Protein chains: 4
Amino acid sequence: MECSLDTKPRWERRKDARPQELLAAAIDLFVERGFASTRLEDVARRAGVSKGTLYLYFENKEELFKAVVRNSIVPVIGDAESSVAEFDGHSAELLRSVMMGWWDRIGAHKVSGIIKLVTAESGNFPELAAFYQEEVINRGTRMISSMLERGIARGEFRPVNVTQVTQVLIAPMLMLVTWKHSVGPCEQGSLEPLAFLDAFLDIALHGLLPGTGATQSTAA
Amino acid sequence: MECSLDTKPRWERRKDARPQELLAAAIDLFVERGFASTRLEDVARRAGVSKGTLYLYFENKEELFKAVVRNSIVPVIGDAESSVAEFDGHSAELLRSVMMGWWDRIGAHKVSGIIKLVTAESGNFPELAAFYQEEVINRGTRMISSMLERGIARGEFRPVNVTQVTQVLIAPMLMLVTWKHSVGPCEQGSLEPLAFLDAFLDIALHGLLPGTGATQSTAA
Amino acid sequence: MECSLDTKPRWERRKDARPQELLAAAIDLFVERGFASTRLEDVARRAGVSKGTLYLYFENKEELFKAVVRNSIVPVIGDAESSVAEFDGHSAELLRSVMMGWWDRIGAHKVSGIIKLVTAESGNFPELAAFYQEEVINRGTRMISSMLERGIARGEFRPVNVTQVTQVLIAPMLMLVTWKHSVGPCEQGSLEPLAFLDAFLDIALHGLLPGTGATQSTAA
Amino acid sequence: MECSLDTKPRWERRKDARPQELLAAAIDLFVERGFASTRLEDVARRAGVSKGTLYLYFENKEELFKAVVRNSIVPVIGDAESSVAEFDGHSAELLRSVMMGWWDRIGAHKVSGIIKLVTAESGNFPELAAFYQEEVINRGTRMISSMLERGIARGEFRPVNVTQVTQVLIAPMLMLVTWKHSVGPCEQGSLEPLAFLDAFLDIALHGLLPGTGATQSTAA
DNA sequence: GATGAATGAGACTTCATTCAT
DNA sequence: GATGAATGAAGTCTCATTCAT
């Protein structure tokens with residue numbers, strides 16, 4: 001009876017799998033070579049299809065890239081947003097769990113290369129930059145800001161400048177991916193990411209707790 | 001008396017200035033557009049010469065880039081090395097002055113874009129990466145490591161894992177340039193670099209001083 | 001009783017209708033975009049079938065075009081040939097009725113776009129040109145020539161150079177379709193086709209009647 | 001002394017000649033194959049240069065085409081405008097001389113293929129159509145209309161609807177080029193252009209003269 | 001030294017046609 | 001019959017590099 005659930009002929013199942021195969025090939029090559037230097041022919045070849053086939057599924061190179069982002073990063077943001085909405089403990093715990101979770105779900109994986117790629121090339125591809133800003137940066141920023149506001153509202157954080165602190169919190173994540181995809185591979189053993197994040201959080205959260213005398217609005 | 005300092009006729013001074021004019025044009029465009037996307041024709045035009053002339057002074061695009069690096073970053077490293085060698089105060093002071101000096105001499109200027117460029121594109125240009133590793137990263141790393149070793153030897157720092165701590169110290173500088181040349185331009189007001197470095201140094205130096213109970217070898 | 005005229009089940013009627021649906025879609029697009037620029041995928045989509053299905057009915061793009069011509073222009077020529085054969089009035093009347101009928105049956109309709117298309121693109125598609133020459137131009141030319149010969153034989157026309165006068169008579173029709181499908185859409189109100197044809201016929205027939213002193217062999 | 005007039009080295013003279021060589025090759029191929037079907041590589045090869053060279057002189061295919069039009073048709077229009085402005089005989093004579101001159105300067109030459117090309121393909125290249133409309137059609141139309149207005153103002157023509165009569169006068173020219181570049185090559189001996197124009201002018205001018213009882217506003 | 005014309009490999013994208021299901 | 005996924009040749013345009021003058 002188990003075959004009754006899939007009545008599609010094989011080639012059709014193949015078709016359903018194609019976009020994923022292409023996206024998998026694309027993320028590999030985008031991460032490896034960047035956006036501009038990745039040739040669509042290589043993406044196609046790695047997915048085991050011809051150049052033209054790629055265009056059956058993606059309108060052009062930029063759309064392929066957007067699809068990669070939508071497929072790899074955006075869902076993780078959605079999950080994180082849900083977690084944030086449901087969480088009901090101390091805001092410091094929430095912040096810590098989100099940032100450590102970011103490393104587990106994004107930072108440690110290939111997909112982190114996409115973040116590095118965007119910082120590296122967005123200047124040359126404005127439409128891509130705009131898309132990424134909208135779909136990733138804005139949502140991520142809103143999420144972090146909302147955690148800060150939650151903490152302030154509940155009296156768990158000092159009333160800091162939310163915009164600035166948000167960016168300070170983004171900084172170490174940006175650094176980790178930059179490091180990982182540039183100097184990291186040339187260096188051995190250095191910069192243990194989890195320890196780094198842990199240390200960063202110790203400092204940052206300490207600066208956010210109420211009652212401490214920090215006066216800098218950025219709280220770093 | 002005005003001619004005593006330079007007895008060459010004007011056109012010859014012009015000729016001698018060519019490489020500098022080309023390097024100035026090149027750094028502008030490399031920083032603005034990255035290595036691969038910068039067209040040599042644009043470099044030549046900005047320097048007010050023809051494309052062919054560029055090849056009289058630089059063998060090819062990669063050599064031009066190397067010359068830009070040698071011209072802009074390497075001297076600053078040399079100066080810093082001298083300062084380190086001559087310094088005779090407390091190692092924590094030395095470390096602080098080198099990193100704040102890095103911001104004044106490099107981070108705050110256009111040339112910081114070269115650092116970002118290398119992190120962004122070295123994957124696609126191995127020879128460039130090797131050159132930069134040799135001329136900049138290795139020397140910079142050695143310099144920082146030597147400061148740490150000096151501090152340890154003089155009993156001013158705890159005996160930490162020098163290699164790892166070196167990279168931890170590099171990290172905030174890398175972050176600042178990455179930020180400045182990617183998300184920075186899209187955000188307003190955030191991440192005041194000097195405050196950020198100051199805060200970082202407070203923490204890092206605190207972790208390096210002897211007598212504090214930190215046990216993590218990365219000391220971050 | 002409703003089924004007595006068509007005993008086939010609906011899907012079979014549908015199947016029989018396929019070629020016509022495809023031809024209808026094809027003529028629309030050929031007229032709109034020309035031969036080379038019409039994509040078979042668009043033809044198929046407009047007919048509501050897949051690209052592959054189109055190839056079940058037509059060997060390739062050229063055969064599809066030939067079928068369009070056979071389906072739309074050729075029958076009209078056949079009808080005209082019959083009319084000519086049966087007509088027994090004055091040859092001038094015959095000529096006039098054929099040309100005005102051409103406007104009613106072809107010139108005023110979408111199918112006139114096919115004529116324009118052929119003049120526009122036959123240079124790039126020799127096989128198409130040969131087919132059209134054979135199926136349309138030769139037959140049309142023969143028909144017009146035969147009317148002239150009839151008129152001369154019956155003493156209703158002067159003995160003119162039939163070949164040349166035939167082409168002079170074709171010219172205004174060619175002009176009308178060219179105009180209609182190129183500059184026409186950009187201009188308002190101008191060139192009323194029926195008035196134009198009428199005026200042309202007045203002149204041409206006047207030149208063909210015996211007893212007038214015209215000496216030019218083209219009789220225009 | 002004859003060499004004193006040209007002090008340029010040969011390659012520079014070559015450079016000056018390049019655009020003309022390319023335009024000559026381009027007009028040949030555009031006329032032969034149309035706009036869409038002409039490959040830039042073929043244009044380059046015919047001019048004896050490589051593909052890339054073409055792009056040194058013309059930004060893209062459309063600009064090349066515009067340059068061809070500017071180079072071949074536009075000057076003739078300018079000349080005609082001057083002739084019209086200077087003419088001081090009877091308007092009928094002026095009209096006749098302009099239309100016969102059009103045949104001598106344009107209709108009889110390769111460049112007439114450009115006119116046919118535009119009627120054939122403008123639907124698929126709106127920017128091209130707009131350019132041609134502006135640079136050729138509008139100017140040509142204005143010129144013809146001005147002749148009609150001149151004739152009416154001087155009492156040499158009846159007060160007709162200028163817009164419509166202008167288009168009627170354009171029609172035979174359009175027909176001649178259409179014929180010449182489509183069916184013409186397949187037919188022998190037919191449609192003697194000068195005789196055709198002559199006959200057309202006889203009729204049209206007769207219809208324009210005052211005192212004749214024609215009542216149709218288009219005067220055809 | 002200086003020029004800038006010329007090259008040609010290589011990238012993206014399109015579309016008629018085929019064929020396994 | 002019907003589908004639509006897959007192919008790959010072909011076309012436009014870019015740009016690092018060369019070289020005759």
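The legends below describe close-up views of a predicted model. Residues are numbered from 1 along each chain as its sequence is written, while chains are lettered from A and ligands numbered from 1 in the order in which they are written. In this predicted model, local features need pLDDT of at least 70 and side-chain atom pairs count only at pLDDT 80 or more, whereas totals for chains, interfaces and linings use all residues, and side-chain values use heavy atoms, with hydrogens and water left out.

**View 1. A stacked pair of rings in chain C.** Over all chains, the structure holds 20 aromatic pairs, where rings of Phe, Tyr and Trp (its six-membered ring) pair if their centres lie within 6.5 Å, and planes under 30 degrees apart count as stacked, over 60 as edge-to-face and the rest as tilted. One of these is the stacked pair of Phe30(C) and Phe35(C), with 5.6 Å centre to centre and 25° between the planes. Phe30(C) is buried at a relative accessible area of 1%, and Phe35(C) is likewise buried at 2% (buried means under 20% relative accessible area, exposed over 50%, partly exposed in between, with a 1.4 Å probe and protein chains only).

**View 2. An edge-to-face pair between Phe35(C) and Phe125(C).** The ring centres of Phe35(C) and Phe125(C) are 4.7 Å apart and their planes stand at 75°, so the pair is edge-to-face. This pair links distant parts of the chain, 90 residues apart: Phe35(C) is in the loop between α1 (10-33) and α2 (40-47) of chain C, and Phe125(C) is in the loop between α7 (112-121) and α8 (126-153) of chain C (helices, H or I, of at least four residues and strands, E, of at least two are DSSP runs, numbered from the N terminus). Phe125(C) counts as buried, at 17% relative accessibility.

**View 3. Lysines over the face of Phe35 in chains C and D.** Lys61(C) lies over the face of Phe35(C), at 5.0 Å from the ring centre, and Lys61(D) lies over the face of Phe35(D), also at 5.0 Å from the ring centre. A charge sits over a ring if NZ of Lys or CZ of Arg is within 6 Å of the ring centre and within 35 degrees of the ring normal.

**View 4. An aromatic cluster in chain A.** Phe30(A), Phe35(A), Phe65(A) and Phe125(A) form one aromatic cluster.
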